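Biologist: I should like to go through the reasoning behind the assignments in this model. Please set each value against the rule that applies.

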Amino acid sequence: MARSIGIDIGTSKICAAVTESGVTTILKNKDGYTFYPAVLAKTEDGYLVGNSAVRQTLSRIDSTDYYLKRKLGALEVNDVSERVEIQDKLTVLFKTIRSDAENALRTVVRDCVVSVPACFRMLSRDCILTSARAAGFESVRLVSEQASAALVYSREVKGTERVMIVDFGGGMLTVSLAEITGSGADEATVTMLSNAENQNLGGIEFTRCIVSDVRNRLKEEYHLDVKKDKKTMYRLEQEAGRVKKELSSSPIATFSINNLAVVDGEEISFEYDYSRVQLERLSKDLIDEMEMEVQKALVDADLEWADISAIILVGGTTRIPAVADRIRRISELEPSHYLEPQECVAAGASMLADTLFRGEDKAVVRDVAPMNVLVKAGENRTFVAVEKNQPLPCELKKELHSGRLFSQTIQMKIYEGNHLKAEDNVLIRKIGVRAEKESLLEKPASTLLFKMDESGMLHIEAKGSDLKDTIHIC
Ligand SMILES: Nc1ncnc2c1ncn2[C@@H]1O[C@H](COP(=O)(O)OP(=O)(O)OP(=O)(O)O)[C@@H](O)[C@H]1O
Ligand SMILES: [Mg+2]
């Protein structure tokens, strides 16, 4: 029987899982690991993915991509060639995941649920959907990473609970509030209430605190600036990442790197003992920024700490003791380490995949709209078609006029963003729809239906006009 899987595309790693008969398994790839490093390298014959890309990074430093998800999140509507390149890379990734999953499960893998950051805009979501389909997945559904984690946590929930999910990963931070009812995918309902995020705050930033400290020391000791040397910078980042992780479990870790550069004819090596306290000092601003998002998520959901029954830690960066310490201090709650921080998102996506593609039409997870969608129609009328944090799916019916007496076409501009003025947001599409009611006395009009689906994609239906099909935005 064809199966469906859950996939978590992280900034640092990619993980896939399957759920069957209530049992969730993290899938091993062909190298025998439960995740792929999120690294892709372009070669003469195509792409290398994961560990094989990592292994040859130093020899292909200019064609190796480390931060694909950050690039995907920052993609703009006019970046056509960049979009094509990102989609190509994602397609290769999805093909690899699908083929490894088929080998591991010894059956056809047909459908998938892919987790995405709750804040991802439609363009980034569309790239994922398009690439996953291009890789051969038939049905693809998106779910927020935080809702996926909440779904796994639902196994712990009895009755109804309001929880906070702090997802601090490799490349971003998302703090979400959710209401969970029931227990496990077959009975649970996860309703997201709010999401607050910083797309440029992740484990990479903690690693770079160490890198920048090392660079300062190299400047002081050897008058050496390695910033422009990509290979050396890569080596510093790798070692700093290792030191950062070690400091989560031990008070001191040694940063050590050999043959760093040649200064005055002499090969330089660098060694320095970092303490956990030192890393905490270097990264204090990052923890302050995390606290801001935590407070914002609470305010956006109109909740107080007293309403929250658990704080769930997700993402590898929550292994840094200072992260849990700060959350504990501001909330006076003990954060829960119940979930495996780097696997739970894929696990939750697979739980959703299992119920959805078994044909059970249950709303197990209710995500919310990532941001407002504003529509400017005709001359100057702007309205909000979808509101940030509105439960998905949602729809709005609206009668629109063409704006001018003899013009039969209703021109619309669709914007995405949270600014009040339409033009301050991102223009994602311009569309003209032929009016349904044509009249010489009144302005031509049409009733349009603006729908945002469960994956956070907008579709517009204009009944009775020449627009027979739905327009998919993006
Ligand atoms: N023991 C540890 N101490 C500190 N940081 C850690 C530890 N283990 C992993 N990390 C960090 O966690 C990050 C990876 O976390 P995770 O796998 O949750 O991210 P991701 O899902 O790939 O990224 P994102 O969700 O942000 O897109 C990396 O920055 C890694 O260095
Ligand atoms: Mg993640």
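Biologist: Which residues are linked in a network of salt bridges?

Modeller: In this predicted model, the network of salt bridges links D65, K71, E85 and K89.

Biologist: How many salt bridges does the rule count?

Modeller: The count comes to 30 salt bridges. The rule asks for a side-chain nitrogen of Lys or Arg within 4 Å of a carboxyl oxygen of Asp or Glu.

Biologist: What makes R3 and E20 a salt bridge?

Modeller: Their side chains meet at 3.3 Å, N to O, and the cut-off is 4 Å, so the pair qualifies. R3 belongs to strand 1 (residues 3–9) and E20 to strand 2 (residues 13–20), so that this pair, 17 residues apart, links distant parts of the chain.

Biologist: Why is E20 called partly exposed?

Modeller: The relative accessibility of E20 is 35%.

Biologist: Which partner does R215 meet in a salt bridge, and is R215 buried or exposed?

Modeller: The side chain of R215 meets that of D225 in a salt bridge of 3.3 Å, N to O. R215 lies in helix 6 and D225 in the loop between helix 6 and helix 7, 10 residues apart. R215 is buried because its relative accessible area is 15%, and buried means under 20%. D225, at 48%, counts as partly exposed, since exposed would require over 50%.

Biologist: What separates D288 and K284 along helix 9?

Modeller: D288 and K284 are 4 residues apart in helix 9 (residues 284–300), which means a separation of about one helical turn. The closest N and O atoms of their salt bridge are 2.8 Å apart. D288 has a relative accessibility of 27% and K284 a relative accessible area of 45%; both residues therefore count as partly exposed.

Biologist: How do you know that the length of helix 7 agrees with its number of residues?

Modeller: Helix 7 (residues 230–249) has 20 residues and, at 1.5 Å a residue, should span 28 Å; its end C-alpha atoms are 30 Å apart, which agrees.

Biologist: What caps the N-terminal end of helix 7, and what covers its buried residues?

Modeller: D229 caps that end, with a side-chain oxygen 3.2 Å from the backbone nitrogen of K231. The buried residues of helix 7 include T232, M233, Y234 and L236. Among the elements that cover the buried residues are helix 1 (51–55), helix 6 (203–222) and strand 13 (252–263).

Conventions: Residues numbered from 1 in each chain as written. Chains lettered and ligands numbered in written order. Predicted model: local features only at pLDDT ≥ 70, side-chain atom pairs only at ≥ 80, totals over all residues. Heavy atoms only, no water. Helix = DSSP H or I, 4+ residues; strand = E, 2+ residues; numbered from the N terminus. Expected span 1.5 Å × (residues − 1). Buried < 20%, exposed > 50% of the residue type's maximum accessible area, 1.4 Å probe, protein only. Contact = heavy atoms within 4.5 Å. Polar contact = N/O pair within 3.5 Å; in protein donor to acceptor, adjacent residues only side chain to side chain.
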